[in-house]
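Let's take a friendly walk through a protein model. Have a look at the sequence and the structure below before reading on.

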Amino acid sequence: MLKLFIAVCLVESGNDPDAVNQKEQAYGVAQIRQCCVDDLNRHYRTDFKLHDFTDPRLSAWAFHHYGLMYGAKTPEEFARIWNGGPDGAEQNCTLEYWERVKRRIEDVSRHEKND
């Protein structure tokens with residue numbers, strides 16, 4: 001799961017925990033948006049604010065628990081739900097995102113082997 005999260009962060013923000021996309025109002029390393037925060041708060045009875053997700057550890061928690069909340073079981077489902085929301089795993093528009101994440105997973109794996 002860690003390689004997957006790192007790959008998603010590379011795709012989303014270039015792994016920059018301070019990244020902010022003003023146009024989409026997306027924050028942190030995983031580029032979390034308010035709709036995701038609202039879903040997590042509702043489901044897990046938390047009180048997170050969007051700016052809390054500049055903490056990469058909290059972003060990792062959000063990524064994992066958002067996927068679980070919507071039934072993700074495979075890395076592909078986690079990534080596609082992250083990109084496309086609750087039904088992202090079934091949306092054709094998230095396939096290209098998954099391909100980008102897969103390439104980054106391979107990059108992370110190659111990098112680990114070279115260390």
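What follows is a short tour of some helices, a few residues and the cysteines.

This is a predicted model, in which local features need pLDDT of at least 70 and side-chain atom pairs count only at pLDDT 80 or more, while totals for chains, interfaces and linings use all residues. Residues are numbered from 1 along each chain as its sequence is written, and side-chain values use heavy atoms, with hydrogens and water left out.

**Two helix pairs**

Helices here are DSSP runs of H or I with at least four residues, numbered from the N terminus. To compare two of them, lines (the axes) are fitted to C-alpha atoms over the stretch in contact, and angles run from 0 to 180 degrees between N-to-C directions. Contact itself means heavy atoms within 4.5 Å.

Let's begin with helix H2 (residues 34-44) and helix H3 (residues 56-69), whose axes come within 10 Å and cross at roughly 70 degrees. H2 is therefore roughly perpendicular to H3, a label for angles of 65 to 115 degrees (under 35 is roughly parallel, over 145 roughly antiparallel, and the rest oblique). From H2, the contact is made by Cys-36, Asp-39, Leu-40, His-43 and Tyr-44, and from H3 by Trp-61, Ala-62, His-65, Tyr-66, Leu-68 and Met-69. Sorted by class, the H2 and H3 contact has eight nonpolar, two polar and one charged residues. For these classes, Ala, Val, Leu, Ile, Met, Phe, Trp, Tyr, Cys and Pro count as nonpolar, Asp, Glu, Lys and Arg as charged, and the others, Gly among them, as polar.

The second pair is H1 and H3, which pack at an angle of about 110 degrees with their axes 11 Å apart. H1 and H3 are therefore roughly perpendicular to each other. In H1, Leu-4, Phe-5 and Val-8 meet Pro-56, Ser-59, Ala-60 and Phe-63 in H3. By class, this contact of H1 with H3 has six nonpolar, one polar and no charged residues.

**Inside the helices**

Buried means under 20% relative accessible area, exposed over 50%, and partly exposed in between (1.4 Å probe, protein chains only). In H2, the buried residues are Cys-36, Val-37, Asp-39, Leu-40 and Asn-41. Their cover includes H3 and helix H4 (75-84). H4 has buried residues of its own: Phe-78, Ala-79, Arg-80, Ile-81 and Trp-82. Just after H2, Arg-45 takes a positive phi of about 55 degrees, and just after H4, Gly-85 takes a positive phi of about 85 degrees.

Which residues does Asp-39 touch, not counting residues up to four places away in sequence? Asp-39 touches Tyr-66, Met-69 and Tyr-70. Asp-39 counts as buried because its relative accessibility is 14%.

Ala-7 lies in helix H1 (residues 2-13) and counts as buried, at 0% relative accessibility. Leaving out residues up to four places away in sequence, Ala-7 touches Val-101, Arg-104 and Ile-105. Ala-7 and His-111 are 104 residues apart in sequence and 12 Å apart in space, C-alpha to C-alpha.

**The cysteines**

A disulfide is a covalent bond between the sulfur atoms of two cysteines. Here it is counted as a pair of cysteine sulfur atoms within 2.5 Å, and by this rule the count comes to zero disulfides.
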